[in-house]
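Here is my notebook from an afternoon of looking things up, one entry at a time. Please follow along with the picture open.

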Amino acid sequence: MDVVNLPDTAKLGAAPQYKYKYRHLQYTLYLYAQHQYIVILHNEMHQLNEQYDDVLAMLLSKHPQLHVLLVGTSWWNGRRENALGYGRLVGRIRRSIDRLMDDEEDRPQGKNEPNEPNESNEGATETTTSSYGSSSTSSVFPQSQRVLMKQRVRHITGLSRPNYLSLLAAVNVVLDPVTEDGSGTENGLLMALETMMIGTPIVTLRPKEEERGWAGVQPTSVVASLIEAVGGGSLAKHCVATDVQDYIAKVSLLIGNATLQHSIRKTAREKTKPWVQMQNKQVEHAWLNFLERVGRPYANSRTVQQYSTK
């Protein structure tokens, strides 16, 4: 396996100014250096659990320059991309943003007891700190801010294969979504491996063994196992989270630390391709052994037949 058709313009590091045409060249996606971008890794929309919407809403609330891109890739398997379905998915995430903002507005303003105004601050705008670390005022989240935050969630369908790989190289972080069992995806292995070969940091969730996921089952993550197998602890400590809050913290750290992003990109690119080559050799060796063991009885029977006819 190798990354093919990766455009030379797909530079590594923070997103420069890029322009991508998608959905039969009818729409244009621009990436700018002053923003941060994340791609949600998936090949089926059902992998994006509703509870994961809240995680994305928290990240968007913490990072005003962050943009979330849902990139559809199902057409590679001969199926039409569901633009209408992605539109509904984006709408669902935006409703989670509304709920988050409503919860923030409902939080008590300041520490004053009811009916005991603070005379020294009379006429001033009260401030409060949200549970996600951001500060807000009594006029929390005006309608214009809600609209702008919701516009930072987009779905991109119909990208060509080279543009898809170029986009993975250009964004800051790739996320393995938290599924319904409270862990990372199980069938996103090849997409994750491809991302690691490009070098873009990928964050996944694998809770501790004694914990149960959102659906009350034992969560697992093949992406976490892949990260540990390829990069060991040097990659896992920054890319494998043990709970949702740790997941958000790791993504936030990567988004705001270009030096760490560059370090992970370098490590992933140096280690992933040799690991893939080693796996290919092991598969080839196992396959040859299988053919030899399967074919040996047939070869022996042919030899017996030849001697019996003489």
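**Entry 1: ground rules.** I call a residue buried when its relative accessible area is under 20%, exposed when over 50%, and partly exposed in between, with a 1.4 Å probe and protein chains only. I note that this is a predicted model, where local features need pLDDT of at least 70, side-chain atom pairs count only at pLDDT 80 or more, and totals for chains, interfaces and linings use all residues. Residues are numbered from 1 along each chain as its sequence is written, and side-chain values use heavy atoms, with hydrogens and water left out.

**Entry 2: the whole chain.** I looked up burial, and 44% of the 310 residues in the protein chain are buried. Next I looked up the secondary structure and found eight helices and ten strands; helices (H or I, at least four residues) and strands (E, at least two) are DSSP runs, numbered from the N terminus. For contacts, I took heavy atoms within 4.5 Å. Of the contacts in the protein chain with a separation of 6 or more, 75% are between residues 24 or more positions apart. The chain exposes about 17000 Å², and carbon and sulfur atoms supply 51% of that area; the areas come from the Shrake-Rupley method with a 1.4 Å probe, and for residues only the protein chains shown count as cover.

**Entry 3: the sheet.** In what order do the six strands of the open sheet run? I read E7-E4-E3-E8-E9-E10, with parallel pairing; two strands pair if DSSP finds at least two bridges between them. Strands E7 (153-156) and E10 (240-241) are at the edges with a single partner strand each, so one side of each has no neighbour in the sheet.

I then followed strand E3 (residues 36-40). With strand E8 (residues 173-175), E3 pairs in the parallel sense over three bridges, and Val-39 stands opposite Val-174 in E8. With strand E4 (residues 66-71), E3 has a parallel pairing over five bridges, and Ile-38 has Val-68 in E4 as its bridge partner.

Why do I call E3 largely enclosed by the rest of the structure? Because five of the five residues of E3 are buried. One side carries Gln-36, Ile-38 and Ile-40, the other Tyr-37 and Val-39, and both faces are covered.

**Entry 4: helix H7.** I checked the length of H7 (residues 244-255). An expected span is 1.5 Å times one less than the number of residues. For the twelve residues of H7 that should give 16 Å, and the end C-alpha atoms are 17 Å apart, which agrees. The buried residues in H7 include Asp-246, Tyr-247 and Ile-248.

**Entry 5: aromatic pairs.** Rings of Phe, Tyr and Trp (its six-membered ring) pair if their centres lie within 6.5 Å; planes under 30 degrees apart count as stacked, over 60 as edge-to-face and the rest as tilted. The count comes to three aromatic pairs by this rule. Among them, Tyr-30 and Tyr-32 are stacked, at 6.2 Å centre to centre and 15° between the planes. Tyr-30 is partly exposed at 42%, and Tyr-32 is partly exposed at 31%.

Tyr-52 and Tyr-247 have ring centres 6.1 Å apart and planes at 75°, so I wrote down edge-to-face. Tyr-52 lies in helix H1 and Tyr-247 in helix H7, so this pair ties together parts 195 residues apart in sequence. Both Tyr-52 and Tyr-247 are buried.

**Entry 6: one serine.** Ser-61 is also in helix H1 (residues 50-62). Ser-61 counts as buried because its relative accessibility is 10%.
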